[in-house]
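Please keep the sequence and the structure in view while reading.

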Amino acid sequence: MKRNPLGNRDRHGSRMRWVMLSFALVATILNYVDRLAFNYLSAEGALRKLIPDDAFGYIGTAFFLGYLISNLASGFIIDKLGTRIGYSLCMAFWTTASLLQALATLPFHFGIFRALLGIGEAGNWPAAIKLTTEWFPPEERSTATGIFNSGAAVGAIITPPLIVWLGKAYGWQAAFIIIGALGYLWLAIFWFVYYTPERSLKESKARIVPPLKLIKIRFVSWFTLSKVFMDPIWYFITFWIGRYLVEVHGWGLEKIGWFVMLPFIVADLGNIIGGLFTQFIIRKGVAVARARKISVAIFGMIMALSLILGPFVIVSPASALIVLSLAGFGYAAYTSNSMAFPGDVVPQSATASVWGVASVGAGLGGVIFQSLSGITVKNLSAAFDYATAYNAVFVGYGIMALIGLSIVLFLMGPLVKDKALQDYVDAGQSDPASLTATVH
C-alpha cells in the first residue's frame with residue numbers, strides 16, 4: 001500500500017485531492033486527443049481519400065464495439081485492482097493502441113486499431129469516477145466530476161489545431177506517434193504519485209459486487225439504457241463536426257482547426273457550470289438526490305431542444321457552431337451530474353463497476369448510431385444534399401436526448417443508497433474469506 005507522503009490529512013480538506021483530480025483531468029484530455037486525432041486527419045488530404053463516409057462510420061462503430069466490450073469488465077477490474085493499478089493499465093493500453101494507428105494503410109487496419117483504442121479508453125471514466133469518490137464528499141462530487149470530465153472538451157479544443165499543425169509539419173503517421181507517446185509520460189508520474197486516502201482505504205477494500213448482480217438493480221439497468229441514447233449525441237458532435245463543416249459549409253482543414261474549438265469551449269463551461277449549479281442549490285437546502293434530478297432536467301432539455309430546432313435556425317457556419325455549442329453545453333452539464341449518480345446509489349467498492357456496466361449502454365449506442373449516422377449521411381446526401389442529410393441527423397439526436405432524459409427522470413428511480421447492495425458488501429466484510437483484496 002502506498003502511504004501518504006504528506007502525513008494523514010482529512011481527505012476532504014487536503015489540497016492533495018486537487019492534485020489527484022488533476023491526474024483524471026489530464027488523462028481525460030489525452031483520452032480525447034487520442035480519440036479525435038483520426039477524425040481530423042481523415043477529414044481532408046491523403047486519409048480523406050482513403051476513408052469515405054460509410055467507412056468512416058464503420059470505423060467509428062469499431063471503436064465503440066471495443067468500447068462496449070471493455071465496459072463489460074473494465075469497471076469491475078478497476079474496483080478489484082484499485083485506482084492506481086487499474087488507471088495505469090488503461091492508460092498503457094490505449095496509448096499503445098493510439099501509437100499503432102501510425103502503421104495503418106487500409107480502412108480495415110484503422111478499424112482494428114480503433115477497436116483496440118476503444119478497449120483501452122473505456123476504462124478512463126470508471127477509474128476517474130472511482131478516484132473522485134475516494135477523494136471528494138457527495139456534495140462536491142458533481143463539481144469534481146465536472147472538472148475532470150471537462151478534459152473531454154479541452155481535448156476536443158486542443159486537438160484540431162494540434163493535429164492540423166502536426167499533420168502539416170510531420171505527416172499523419174508522426175502525428176499519431178507524438179500524441180500517443182504523451183500517455184507514457186502521464187503513466188510514469190501517476191504511478192509514483194497516486195495513493196488512496198487513509199479514510200477511503202477500508203471502503204476501497206470492501207467486497208466487490210459482480211457486474212451480473214449490478215445489472216439486476218433498477219438504478220443500474222435503467223441508467224445503462226439511458227446512456228444508449230444520451231452518449232451518442234456527444235460522440236456525433238466530436239466525431240462528425242469536422243466532416244460536417246467540410247461537407248455542408250465547404251470549410252478546409254486549417255479553418256476547421258481554429259473555429260471548431262468554439263463548441264468545445266462552451267461545452268467545457270457546461271462541465272463546470274453543471275457541477276457548480278448543483279452544488280449551489282444543495283447549499284441552498286435542496287436535497288442531493290433532488291438537486292441532481294433538477295440539474296439533469298434543465299441541461300438535458302437544453303441539449304435536446306438545440307438539436308431539434310437547429311435545422312430551422314442554421315443559415316451559416318456561425319449559426320451551426322452556435323447550435324452545436326448549445327448541444328455540447330447541455331450534454332456536458334448533464335454529464336457532470338450523471339457521473340455522480342453511482343456514488344449516490346452504490347457502495348464505494350462498486351462505483352467503477354457501475355459506471356463500467358452503465359457505459360456498456362454508451363458503447364452500444366455508439367456502435368448503433370455511428371453506423372446509422374454514416375448510412376444516413378451517405379444516402380440522404382446522394383438523394384438530396386449534405387445539408388438535408390445532416391439536418392435529419394440533428395433532429396434524430398435531439399429526439400434521442402428526450403428519450404434518455406425521460407428514462408433518467410421517470411424510470412431510473414431515486415438517487416439514494418441501495419440497501420440490497422450495501423447489505424451484500426457488509427456481509428462480505430463480516431466474512432473475511434469472501435473479501436476481494438484491493439491493490440493500491
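Is the crossing of α5 and α6 left-handed or right-handed? In this predicted model, the crossing of these two helices, α5 and α6, is left-handed.

**Helices α5 and α6**

- Helix α5 covers residues 83-100 and helix α6 covers residues 107-121, and their axes come within 8 Å while crossing at roughly 160°.
- Because angles over 145 degrees count as roughly antiparallel, α5 and α6 are described as roughly antiparallel to each other.
- On the α5 side the contact is made by Cys90, Phe93, Trp94, Ala97, Ser98 and Leu100, and on the α6 side by Phe113, Leu116, Leu117, Ile119, Gly120 and Glu121.
- By residue class, the contact of α5 with α6 divides into nine nonpolar residues, two polar residues and one charged residue.

**Helices α1 and α12**

- Helix α1, made of residues 16-41, packs against helix α12, made of residues 218-247, at an angle of about 40°, and the axes of the two helices lie 7 Å apart.
- That angle makes α1 oblique to α12, and the crossing of α1 and α12 is right-handed.
- From α1, the residues Tyr32, Arg35, Leu36, Asn39 and Tyr40 take part in the contact, where they meet Trp234, Tyr235, Thr238, Phe239, Ile241 and Gly242 of α12.
- The contact of α1 with α12 is made up of seven nonpolar residues, three polar residues and one charged residue.

**Cavities**

- How many cavities of 30 Å³ or more does the model hold? The count comes to three cavities of 30 Å³ or more, and the largest cavity contains about 170 Å³ of space.
- The largest cavity is lined by 18 residues, of which Trp125, Asn149, Asp231, Tyr331 and Met339 are the closest to its centre.
- The elements that give two or more residues to this lining are α1, α8 (138-170), α12, α16 (317-338) and α18 (351-383).
- Of the contributions to the lining of the largest cavity, that of α12 is the most, with four residues, and α12 is also the helix that packs against α1 at about 40°.
- Sorted by class, the lining of the largest cavity comprises eleven nonpolar, four polar and three charged residues.

How values were computed
Residues numbered from 1 in each chain as written. Predicted model: local features only at pLDDT ≥ 70, side-chain atom pairs only at ≥ 80, totals over all residues. Heavy atoms only, no water. Axes fitted to C-alpha atoms, helices over the stretch in contact; angles between N-to-C directions. Parallel < 35°, antiparallel > 145°, perpendicular 65-115°, else oblique. Left-handed = near helix turned anticlockwise from the far one by under 90°. Contact = heavy atoms within 4.5 Å. Nonpolar A, V, L, I, M, F, W, Y, C, P; charged D, E, K, R; others polar. 1 Å grid on protein atoms, 1.4 Å probe; cavity = no way out; pocket = protein on both sides within 12 Å on 5 of 7 lines; lining within 4 Å. Points joined across faces, edges and corners; volume = space filled by probe spheres on them.
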